Amino acid sequence: MSENEIKKEEQKFYLNQIYFYLTEGCNLACRHCWIAPKYQPLLHPQIHDILEMIRTEGFHLTMETNGVLCTPEIAQHIAICNNPFVSVSIDGADLETHEWIRGVKGSFESSLEGIRNLVSYNIFPQIIMTVMQRNKDQMEAVVRLAESLNAESVKFNVLQPTARGEKMHEQGETLAIEELIEVGQWVETTLSASTKLRIVFDHPVAFRPLSKMFGTNGSGCSVCGIFGIIGVLANGSYALCGIGETVPEFIFGHASKDRLEYVWENSSILQEIRNGLPKNLKGICGDCLLRNRCLGSCIAQNYYRSKSLWAPFWFCEEANAKGLFPKTRAYPTH
């Protein structure tokens, strides 16, 4: 047995985060939602009890919400949890744009009020905006809105071609790869320099400047923590993540009958991913110098599109096809 094989055999994967998709419904109707059915944690009828359990157990709380149902009472419950981090989705700097994307009248002001409630309890949330043709010209305005609301940061998401987002890609409502790369460079340089807020553009690692690629204080790029994460869907199923709602192959057990420890250590899908990443990645992801850090960006997205765990990420694949993938981030070809 080789030294590398021994190291692989001895490697231990530790579960450090559980994603709970608490509901199978949502109070909004977002055009771009990547999960079908969509979810909204604050809709859960026992959300107060859940937050109390998180507090008493001393777990770290990270929550993504549209903010509409974030009342002062809920904000207070979140605030007493262990170092909570909350992200609130705002997809436009004005009512018309946000509500066109989110699909419900009155949601813009309700989301802003939810943010204000969080801030009143010293929770300074991250604002998340998914970038598309309809709102791309409002990115700077959303940063200014975030500043006025005392947000901690702004994260710009790339609209993914999954579930409802797939239809938006087909209809030309998303940004072309050339635009995404240009916008990403503008965010990383010009827009980031114009504010004291932490600004993130969630494009693949290979497209980031070195100054934004690494960091221990939140300034570095976000990468998928697939080796330490498991999802729990609203019906109690264990899944790779929320994409298990639309990809049944990524469901591997149920909380009512399967011990989490057993699933984590014995799931055939998780074992295949652990043994195959990053060495089995194909295409440009296999040729990328940063594959050990990026891990194919999002295995779930890649599988959704191709039915292969090792397929390249669509963003990098499109960029490479047009000669736009950074040559300094790929192994030289002969």
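Which residues do ring pairs link into a cluster? The cluster is made up of F207, F313, W314, F315 and F325. Rings here are those of Phe, Tyr and Trp (for Trp, its six-membered ring), and they pair if their centres lie within 6.5 Å; planes under 30 degrees apart count as stacked, over 60 as edge-to-face and the rest as tilted. The model is a predicted one, so to speak of local features takes pLDDT of at least 70 and side-chain atom pairs count only at pLDDT 80 or more, while totals for chains, interfaces and linings use all residues. Residues are numbered from 1 along each chain as its sequence is written, and side-chain values use heavy atoms, with hydrogens and water left out.

By the ring rule, the count comes to eight aromatic pairs. One of them joins Y21 and Y39 edge-to-face, at 5.0 Å centre to centre and with 80° between the planes. This pair links distant parts of the chain: Y21 and Y39 are 18 residues apart, each in the loop between β1 (17-20) and α2 (47-57). Helices (H or I, at least four residues) and strands (E, at least two) are DSSP runs, numbered from the N terminus. Y21 counts as buried because its relative accessibility is 6%, whereas Y39 is partly exposed at 21%; the cut-offs are under 20% relative accessible area for buried, over 50% for exposed and in between for partly exposed, with a 1.4 Å probe and protein chains only. Another pair, F313 and W314, is tilted, with 5.9 Å centre to centre and 50° between the planes.

The largest one has 91 residues, and I78, F156, F201, F250 and F315 touch the most other members. Helix α8 (residues 177-193) gives the most to this core, with six residues. Leaving aside neighbours within four places in sequence, F315 is in contact (heavy atoms within 4.5 Å) with V158, I177, L180, I181, H203, P204 and F207.

On to α8 itself. The buried residues of α8 are I177, L180, I181, V183, G184, V187, E188, L191 and S192, and these pack against α6, β5 (153-158), β6 (198-201) and α14 (314-321). A kink of about 40° is centred on V187, the bend at a residue being the angle between axes fitted to the seven residues ending there and the seven starting there. As for length, the 17 residues of α8 should span 24 Å at 1.5 Å a residue, and the end C-alpha atoms are 24 Å apart, which agrees. The expected span is 1.5 Å times one less than the number of residues.

R144 sits in helix α6 (residues 139-148) and counts as partly exposed because its relative accessibility is 27%. Beyond residues up to four places away in sequence, R144 touches L191, S194 and T195. The side chains of R144 and S194 are joined by a polar contact of 2.7 Å. That term means a pair of N or O atoms within 3.5 Å; within protein, one must be able to donate a hydrogen and the other to accept it, and residues adjacent in sequence count only if both atoms are side-chain atoms. R144 and L197, 53 residues apart in sequence, have C-alpha atoms 9.7 Å apart.

Two other polar residues are buried. N66, in the loop between β2 (60-65) and α3 (72-79), has a relative accessibility of 2% and so counts as buried. Its side chain makes a polar contact of 2.9 Å with the side chain of N27. Among the residues that N66 touches, not counting those up to four places away in sequence, are C26, Q40, R102 and S111. S237, in strand β8 (residues 237-239), is buried with a relative accessible area of 8%. A polar contact of 2.9 Å joins the side chains of S237 and N235.

Six of its eight residues are buried, so α13 is largely enclosed by the rest of the structure. The buried residues are I299, A300, Q301, N302, Y303 and Y304, and they pack against α7 (164-170), α10 (268-276) and α14. Just after α13, K307 takes a positive phi of about 65°.

Conventions
Core = buried A, V, L, I, M, F, W, Y, C linked by side-chain atoms within 4.5 Å.
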